[in-house]
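Visitor: Could you take me through a close look at the surroundings of the ligand, and then at the aromatic rings? I would enjoy one connected account with the values included.

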Amino acid sequence: MRQFWKILKRYVAPYGKYLWGSVAMNMLSAIFNIFSFSLIIPMLNILFRINDTDYMYMPMDQAQGMMEKIDALANNANWMISCFIEQHGASMTLLLLCAFLSVTTLIKTACYFGAAAVMVPIRTGVVKDLRMQLYDKILGLPLGYFSQERKGDLIARMSGDVNEVEFSIISVLEMLIKNPILIVCYFSVLLFISWELTLFTILVVPLLGWFMGVIGKTLKRSSLEAQELWSDTMSQVEETLGGLRVIKAFIAEGTMSRRFDRVTGDLRRKTGRVSTRQALAHPMSEFLGTVLIAIVLWFGGTLIISDNAPLSASTFIYYMVILYSILNPIKDFSKAGYSIPKGMASMERIDKILNAENPITDKAGAVDAEGFSDSICFENVDFSYDPSKPVLKGIDLKIEKGRSVAIVGESGAGKSTLVDLIPRFYDVTGGRISLDGKDLRDLTMKSIRGLIGYVNQEPILFNDTIFNNIAFGTKGATMEQVVAAAKIANAHEFIMEKEEGYMTNIGDRGMKLSGGQRQRLSIARAILKNPPILILDEATASLDTESERLVQEALDRLMSSRTTIAIAHRLSTIKNSDEIIVMQEGRIVERGRHDELVNKNGYYKKLEDMQSL
Ligand code: ADP
């Protein structure tokens, strides 16, 4: 519970003013509820022709103290009713009472609505804040985080767990605001009508609470497990959507379906258990509530039948109605008792992301890199994703401004890892990388990344217009600038063939374009950004010859007068590089210009021979 206070403080505090509205509305609805039910007494009196007392008008100012005043008020109401019956008859009086009941009930329900409506901005606000925090956290976390936490899991936390927290926070707010108000109001009425009966009632109530507590306890563990299985389910869906092409090509639908069946089966069992427990709660509390009513009915009935009854039969029925009304808020208390643990379980999972440590941040006193004027230096750099498996070992490399360096080597040699270190997607585990002599870790990430343009093997595009995809990352780019960049990137022509030109939406991840077109868009993006340093990660590897020619042309234009680090698959594309680095198992094994390396007759020559085959 203490933890929950913290969560409330964290997320509900900004919406504090709505809470007061809720308090006011709930007070009003409770008061009108009590009032409207009290009309039952005269109605019953009329129906059962109980009218043995002759009411006399009692002047209100003679009554002393609260109790007497209320007594006088009730007496005078009865007096008015008896006068009315004498003048207009019982039926007319009944009609009047019914009309009165309708009006007070209308006001009461309006207050109910008000109380619920006031909760809406809190609920929606809390959910939005949580999602926003999660999203910003995801944007801020380093790439390394996402190889461990699967994407589907993140999506599950963003959807399912946030909803869970929403329900749980709302039920807690209701528990803390609405129910105590109702309970206090109703309870005062009960006490006022008959303290003897109420004393007796109190003795029976704790039984109810105890039982509900037992059910709630086991629920948290089960729902945590259920949420984890939900994550697994979402992960598989995510994976499947990304890999549909391969699944179909390998006719693996059956395997995938069985795999999915297994995880949904588990999920079903787990949520089944949670739901059964929840389903049990309502009938059980209903039953216990009725038992309570029955016991009180017996006890109170005995009192009334006795000779000197402390209260009239109609008042007793009013008492029972209020007693029945008080059961609901009490039940809600217990409901909150199990939605809190459920919400806490989800909050824990959300907090795991929100509190994830971000090892790659700007250190205190980091300065901005002021342009790029000399060189990037790798000095005896080691790197590993997990400590037991070094990926880069003792890398020494100097990339001077204006020169092009190509990196070749078999798959898994560590080429992508090496270039990922330059924009600080990861930090080195040994040695250092410097930019113009300054350690990357002493510079702000924003300023380093601002110097770098990136063209990937798999161009990363967003479900947006062509214009926005090119202008992505360049603030305030104009149409002229975008068009100029597209022209250099050999993209202008195909863009103009699209119906809406630069305003064409390219679909999810650019699905509506061919591979070469996508690549040219991402080159246009890099051209527009106009960075001094360019990283090309096998930018033409996945293209056919014609697309490759168009893309290579675009790349050549982009690379001229820039410092380029290119990972190359086809050696033909890097013949003119100023330096070629040959990597094998995380080390640089050969380096030099194309001709030198061929003459050396080493590993590079072997690679070249294999490709010319
Ligand atoms: P290349 O680009 O030369 O094909 P990579 O740099 O992608 O090679 O990978 C080098 C090694 O690091 C490989 O053994 C690969 O399995 C491992 N590796 C790559 N990325 C990760 C990662 N995110 N987490 C753990 N290991 C990784």
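Guide: By class, the shell around the ligand is made up of four nonpolar, six polar and two charged residues. Please keep in mind that this is a predicted model. The shell has 12 residues, and those that come nearest to the ligand are Gly412, Gly414, Lys415, Ser416 and Thr417. Helix α12 (residues 415-420) supplies the largest share of the shell, with three residues.

Now to the individual contacts. From a polar backbone atom of Gly414, an oxygen atom of the ligand is 3.0 Å away. As for the cover, the ligand taken alone exposes 560 Å², and the protein buries 65% of that.

Let us turn to the rings. A pair of aromatic rings is described by the distance of the centres and the angle of the planes. Searching the whole structure gives eight aromatic pairs. One of them joins Phe200 and Phe299, and this pair is stacked because the ring centres are 4.1 Å apart and the planes are at 10 degrees, which is under the cut-off of 30 degrees. Distant parts of the chain are linked by this pair: Phe200 belongs to helix α9 (residues 195-249) and Phe299 to helix α10 (residues 253-305), with the two residues 99 residues apart.

Phe299 has a further partner in Trp298, and here the pair is tilted, with 6.3 Å from centre to centre and 55 degrees between the planes. Together, Phe200, Trp298 and Phe299 form one aromatic cluster. Trp298 has 58% relative accessibility, which is over the cut-off of 50%, so Trp298 counts as exposed.

One more ring is worth a look while you have the model open. Phe37 has Lys108 over its face, at 5.3 Å from the ring centre.

How values were computed:
Residues are numbered from 1 along each chain as its sequence is written. This is a predicted model: local features need pLDDT of at least 70, side-chain atom pairs count only at pLDDT 80 or more; totals for chains, interfaces and linings use all residues. Side-chain values use heavy atoms; hydrogens and water are left out. A residue is near a molecule or strand if one of its heavy atoms lies within 4 Å of it. A polar contact is a pair of N or O atoms within 3.5 Å; within protein, one must be able to donate a hydrogen and the other to accept it, and residues adjacent in sequence count only if both atoms are side-chain atoms. Accessible areas come from the Shrake-Rupley method with a 1.4 Å probe; for residues, only the protein chains shown count as cover. Helices (H or I, at least four residues) and strands (E, at least two) are DSSP runs, numbered from the N terminus. Ala, Val, Leu, Ile, Met, Phe, Trp, Tyr, Cys and Pro count as nonpolar, Asp, Glu, Lys and Arg as charged, and the others, Gly among them, as polar. Rings of Phe, Tyr and Trp (its six-membered ring) pair if their centres lie within 6.5 Å; planes under 30 degrees apart count as stacked, over 60 as edge-to-face and the rest as tilted. Buried means under 20% relative accessible area, exposed over 50%, partly exposed in between (1.4 Å probe, protein chains only). A charge sits over a ring if NZ of Lys or CZ of Arg is within 6 Å of the ring centre and within 35 degrees of the ring normal.
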